[in-house]
Amino acid sequence: MDYQPIEQQYDERVIEIRRVAKVVKGGRRFQFRVTVVAGDNRGNVGLGVGKANAVPDAMRKASDRAHKNMRPIVMVGTTIPHEVKARVGGSEVLLKPASPGTGVIAAGGVRAVLEAAGIHDILTKSLGSSNVLNVVKATFKALEQLKSPEEEAKRRGKPVQEVLPFWERRKHGRES
């Protein structure tokens, strides 16, 4: 049996390390907030946020939470099945499927989430606020909205070929 420790099984990416403050009667209490994304590069990805008085403790907490919060996402080959838009707070994220060879056209937190999930071809646009935590949460919300082509074809009462992205339809001999 090929056993690997958890740290080696998952692609972990630290998205943000930020010092946050709580204002109390005697002044401010500072802590560190760490945002981590963990994925297996095969369609599972999770987000973890940890707070502590020291960065290493916050990182460990965030990492543990990211592993606990891992969710499967729907993929078609190396991309997503359809266009999707999601909003969290003032941040809005648009994800569009892309043909093979395009690469991950994204920046910052969105790129980290998509690469950890194992998506290799996608177009993205971040709209509205650039708050890193909200952008990452919006990306997760968008990924949760994805439906498999089979599920969508059944819902619409159409053959699966009609709901696949155009480059997938072309492969199967049907140009529409």
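I worked from a predicted model, in which local features need pLDDT of at least 70, side-chain atom pairs count only at pLDDT 80 or more, and totals for chains, interfaces and linings use all residues. Residues are numbered from 1 along each chain as its sequence is written, and side-chain values use heavy atoms, without hydrogens and water.

I looked up the sheet and found four strands in the order 5-6-8-7, with mixed pairing. Strands (E, at least two residues) and helices (H or I, at least four) are DSSP runs numbered from the N terminus; two strands pair if DSSP finds at least two bridges between them.

I noted that strand 5 (84-88) and strand 7 (104-105) each have a single partner strand, so one side of each lacks a neighbour in the sheet.

I then followed strand 8 (residues 122-128), which pairs with strand 7 in the parallel sense over two bridges. Here Val-104 stands opposite Ile-122.

Strand 8 also pairs with strand 6, in the antiparallel sense over seven bridges. In this pair Val-93 stands opposite Ser-126.

Last, I looked up helix 4 (residues 132-145), which lies across strand 5, strand 6 (91-97) and strand 8 (contact means heavy atoms within 4.5 Å).

Key:
Axes fitted to C-alpha atoms, helices over the stretch in contact; angles between N-to-C directions.
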